[in-house]
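User: I have not looked at this one before. Can you walk me through it?

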Amino acid sequence: MVRRYDGSSAGARWASIKGGGILVLGLALVGTGGCGKKGPPLPPLVRLPEAPSPVKAERRGSTVEVRLVVPAQNTDGSRPADVQRVDVYAWDGPADTPPAEVVRRGTRVRSVVVKAPRDPDQTVSADDPLSDVEAPGGPGLDQGATAYVRDPLPDPSAMVDTPSTTIATERAEARSRTRSYVGVAITTRGRRGPLSSPAVIPLSPAPAAPGEPSLTYDETGVTLGWTPAPEASEADAPLITASAVPALTYHVYDVTPAADPIAAAETGSVRIDVRLTETAVAKTAFVDRRIVWGRERCYAVRALRTVEALTVEGDATPRACVTPVDTFAPQPPTGLTAVASAGAISLIWNPSGERDLAGYHVLRGDAPSAELVALTPSTIVETTYTDQVPGGKRFVYAVRAVDTAGNAGRPSTPVEEAAQEVTPPR
């Protein structure tokens, strides 16, 4: 059902429209004597978009990556949201700074343009299809999409106070040396919606980068290895003491360049590195199982430190790239069995578990030790084969798997069999 406020009507009425039918609810009062008295016109209905939610921020070295979800409905549940942009504010202060204080005292670091409704008074309820109203248009992100904002920080070392004397004081100061981010949607009439919950990142020193990763690969994945990041240095003294050094862990990122960097630049899109580790790892090795032959993959590693439940990642290692090439032959098939019949030998074997399997070659040779040659001129996908042969003569058979790159594996364990003599008809 489409709801629209009709402010031009003398009776300040609501119109409910669906399927071409119109139901008018009059608000004018009618007296018993037949004369009516008009009340004052009602003000236009003011709808506000919901708060961007959730707002998340992750600090990596001297850059903070903020992401938020653009509101897709208003606070009353109606859709589409009356929003033309989302403003992101930042403020350096205690971690418990209220959102209103972040906006009042902070700085607007970015405005994200959003596709806006042409008529913000024309909406549908949460139970009605969004196709009943005209879709939001114009430049910007779709409503409900995730927006990414990058905020470069000043030199974090300039934000560090004099070294503290106790661990308790240091940890309290670690909580105060923070930066909070708050998002707010702005309507087409320039009104602010409700503020998001703040996302907080620490402004304490970031750990140093680990050593550049080395890359190897096999048919199961790409393996990264790196040297550990240096332990806490004097620059970390305001946050860390020798008796309370948080252990360093690591995150691994896919930093493969965009397939079409020119198109990405023209559309103004921001490439966000893809984190491959769901949780930070303590080991200095990681295996990426998403291997695709002939496709370049690039990686970087960042050290991670957590103090007082706030996490800061250091700068990334230099990017390390590899383009895997499939030179790995599949494993031999198993379970090859030969069954003799009149003038024929039937073969059957277990299906191969290779994920890039193209098919099989059937090999045959004269028993007992003749060279095996391919019976099938091309690969077959079946796991059975019948060879028509003279009765009484013994043959040796084997099967080998072939992958999509043309790599042929070792032959299976051979089997030996002789076909039965063909009995002539009486």
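User: How many helices and strands does the protein have?
Analyst: The protein has 3 helices and 29 strands. Helices (H or I, at least four residues) and strands (E, at least two) are DSSP runs, numbered from the N terminus.

User: Where do the coordinates come from, and how are residues numbered?
Analyst: This is a predicted model, where local features need pLDDT of at least 70, side-chain atom pairs count only at pLDDT 80 or more, and totals for chains, interfaces and linings use all residues. Residues are numbered from 1 along each chain as its sequence is written, and side-chain values use heavy atoms, with hydrogens and water left out.

User: What share of the residues is buried?
Analyst: Of the 426 residues in the protein, 39% are buried. Buried means under 20% relative accessible area, exposed over 50%, and partly exposed in between (1.4 Å probe, protein chains only).

User: And what share of the contacts is between residues 24 or more positions apart?
Analyst: Among contacts with a separation of 6 or more, such residues account for 67%. Contact means heavy atoms within 4.5 Å.

User: Moving on, how many salt bridges are there?
Analyst: A search of the whole structure finds 23. A salt bridge is a side-chain nitrogen of Lys or Arg within 4 Å of a carboxyl oxygen of Asp or Glu.

User: Which residue pairs with D254?
Analyst: D254 forms a salt bridge with R297, at 3.5 Å from N to O. D254 is in strand β17 (residues 249–254) and R297 in strand β20 (residues 297–307), so the pair ties together parts 43 residues apart in sequence.

User: Is D254 buried or exposed?
Analyst: D254 is buried, at 4% relative accessible area. R297 also counts as buried, at 11%.

User: What about D366, which residue does it meet?
Analyst: The side chain of D366 meets that of K393 in a salt bridge (3.8 Å, N to O). D366 lies in strand β25 (residues 357–366) and K393 in the loop between β27 (384–388) and β28 (394–403), so this pair joins parts 27 residues apart in sequence. D366 is partly exposed at 37% relative accessible area, and K393 is partly exposed at 39%.

User: Which residues are linked in a network of salt bridges?
Analyst: E58, R60, E65, R67, R150, R275 and E313 are.
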